Amino acid sequence: IQQATSSYTLSADIDQANLEYLPLKGNLDNLVGQTESISHIVVQLNTFKVYPIFFWTIAAFFFSTLVVFAISYVINLTITRPLRQLVQLTKRNAQGETNARATLMGHDETYMVATSMNIMLDSIVNLMKNIQQQHNSLEAHVQKLISEVKGLGSGDLRSRAEVTSD
């Protein structure tokens, strides 16, 4: 083209180039068509693969949520509820209800605490009974001494004080 060749030669060269380019263009068009059909197939296959993955992801989410709720319920039954019962027991005891006891079952730490509280409450009740008995005994002795001293105060010197070891 640069050598200033004749227009006839130039036209012949362009026609020759077109003849050799057309089969390449056909092959390229064929390759592009096959690539597009393969990409459509790949997109369809990926779509079919995405739906099961999406389904299983949702199923796993619901299953893990169910497991969390089940664990929470078990924790509530084994830890929280017994602790609330122990708190209610201590409130009842603080209000003077000395015959209230814990009624927990099992062999875990909460049960051991409940058993210890019951033993402690039994000990406190026994101590209170002993103190009340001693108080009643001392009060009887004081009343007896008062009656003996009354006689002395009125001038009756015939009475004698009785001394015991207690």
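Start by selecting Trp56, which counts as exposed at 59% relative accessibility. Buried means under 20% relative accessible area, exposed over 50%, and partly exposed in between (1.4 Å probe, protein chains only).

Before going on, note that this is a predicted model, in which local features need pLDDT of at least 70, side-chain atom pairs count only at pLDDT 80 or more, and totals for chains, interfaces and linings use all residues. Residues are numbered from 1 along each chain as its sequence is written, and side-chain values use heavy atoms, with hydrogens and water left out.

**Aromatic rings.** A search of the whole structure gives 2 aromatic pairs. Rings of Phe, Tyr and Trp (its six-membered ring) pair if their centres lie within 6.5 Å; planes under 30 degrees apart count as stacked, over 60 as edge-to-face and the rest as tilted.

**Salt bridges.** How many salt bridges are there? The count is 3, where a salt bridge is a side-chain nitrogen of Lys or Arg within 4 Å of a carboxyl oxygen of Asp or Glu.

Select Lys25 and Asp29. Their side chains form a salt bridge, 3.4 Å from N to O. The two residues are 4 apart in helix H1 (residues 7-94), about one helical turn. Helices (H or I, at least four residues) and strands (E, at least two) are DSSP runs, numbered from the N terminus. Lys25 is partly exposed, at 36% relative accessible area, and Asp29 is also partly exposed, at 45%.

Next, select Arg92 and Glu97. The closest N and O atoms of this salt bridge are 2.7 Å apart. Arg92 has a relative accessible area of 36% and is partly exposed; Glu97, at 31%, counts as partly exposed.

Now select Arg101 and Asp122, whose side chains meet in a salt bridge at 2.8 Å, N to O. Which parts of the chain does this pair tie together? Arg101 is in the loop between H1 and H2, while Asp122 lies in helix H2 (residues 109-153), so the pair links parts 21 residues apart in sequence. Asp122 is partly exposed at 37% relative accessibility, and Arg101 is partly exposed at 25%.

**Last stop.** Select Glu109, which lies in helix H2. Glu109 counts as exposed, with 58% relative accessibility.
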